[in-house]
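This report looks at a ligand site and the pocket around it.

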Amino acid sequence: LPKNHISHYDLNKLSTSADSLAKKEEVLILTPMSRFTPQYWDNIQKLTYEHSLISLGFILPRNKDGDVALKHLEEAIKDAKAANQLKYKKITILRQDTNSLNSQLEKDRHALNVQKERRSMMALARNSLLFTTIAPTTSWILWLDADIVETPAGLIQDLTSHNKPVISANVYQRYEDESTQQPSIRPYDFNNWVESEEGLKIAAGLADDEIVVEGYAEMATYRPLMAHFYDAKGDVHTEMQLDGVGGGAVMVKADVHRDGAMFPSFPFYHLIETEGFAKMAKRLGYEVFGLPNYLVYHFNE
Ligand code: GDP
Ligand code: MN
């Protein structure tokens, strides 16, 4: 055995606190990426958390979209490096060994009949990414989709300050209101929800391998959706308890994943992927929260 080949890490001493930056807690930002959005990259480059405490992990599909995204991601990294603006602890780029959907047009990927297949593929991609990049020094994992183009610069400090096992930001989208021709915002991600009687009833009536997906009229769950709890005048730090989360911008204590909470690619209580993850975290005894007034923005295709 070569010298210094044994490393000891006492996971009891790995801190995960409200005071993350002062305590120099390491954050792993994980992003499944089928398309590279320059604004996503610019946004993470502007995050004010100490970059030497941040590692990045990407997973790209093994199709044409993935080829193009990889090229752009590598260019962005190269440019940042040339400008002496690449300070992350580590960057890991993975190529998926599992399948992915071919058409990523918004209307195709949001069709109800492809949800189980699509979300299950996404779950496998997220799990591969998580299990290959988590380090013994990782305190926090920030799941950040590749099309989240705008967040507050203090995103990491803000989310960790709540010191919750799982906490999700509210994903909105900027658009131009046709009636007023003014820039406006609208809810985007409906996967942050509170379970309802109706949702449980639908689930109870499903076959073992069937799933409930949120945001489809065909399957009206009447779940309270965090997207609708946004109050422009409210405190940005208002918390609400959730039962399901989306993957747009979610901060997770790495211990939640270490304890075994992952993204089920199979129906788990009739839920899969990020919503199944929230359920699994809860079954492990962790609480799941959302910040209805804390907005981050999804790209507008
Ligand atoms: P939506 O916002 O709910 O429509 O979901 P997206 O299609 O934006 O997917 C969520 C995240 O996963 C985004 O960061 C995508 O770039 C990424 N993504 C989508 N499909 C795939 C895929 O097949 N493989 C990988 N690795 N990432 C994907
Ligand atoms: Mn998206």
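Which helices each supply at least two residues of the lining of the largest pocket? They are helix 4 and helix 8 (273-283); helices are DSSP runs of H or I with at least four residues, strands runs of E with at least two, numbered from the N terminus.

## Basis

This is a predicted model, in which local features need pLDDT of at least 70 and side-chain atom pairs pLDDT 80 or more, while totals for chains, interfaces and linings use all residues. Residues are numbered from 1 along each chain as written, chains are lettered from A and ligands numbered from 1 in the order written, and side-chain values use heavy atoms, without hydrogens and water.

## The pocket

The largest pocket has a volume of about 990 Å³. A pocket is an open set of points on a 1 Å grid over the protein atoms alone, where a 1.4 Å probe fits, with protein on both sides within 12 Å along at least five of seven lines; lining residues have an atom within 4 Å of a point. The volume is the space filled by probe spheres set on the points, which are joined across faces, edges and corners.

Of its 44 lining residues, Arg109, His110, Arg118, Asp145 and Tyr188 are closest to the centre. Helix 4 gives the most, 7 residues.

## The ligand

Ligand 1 takes up space that is the largest pocket. Around ligand 1 are 19 residues, with Pro32, Gln96, Arg109, His110 and Asp147 the closest; a residue counts if one of its heavy atoms lies within 4 Å.

Key. Sits in = over half its atoms within 2 Å of the grid points.
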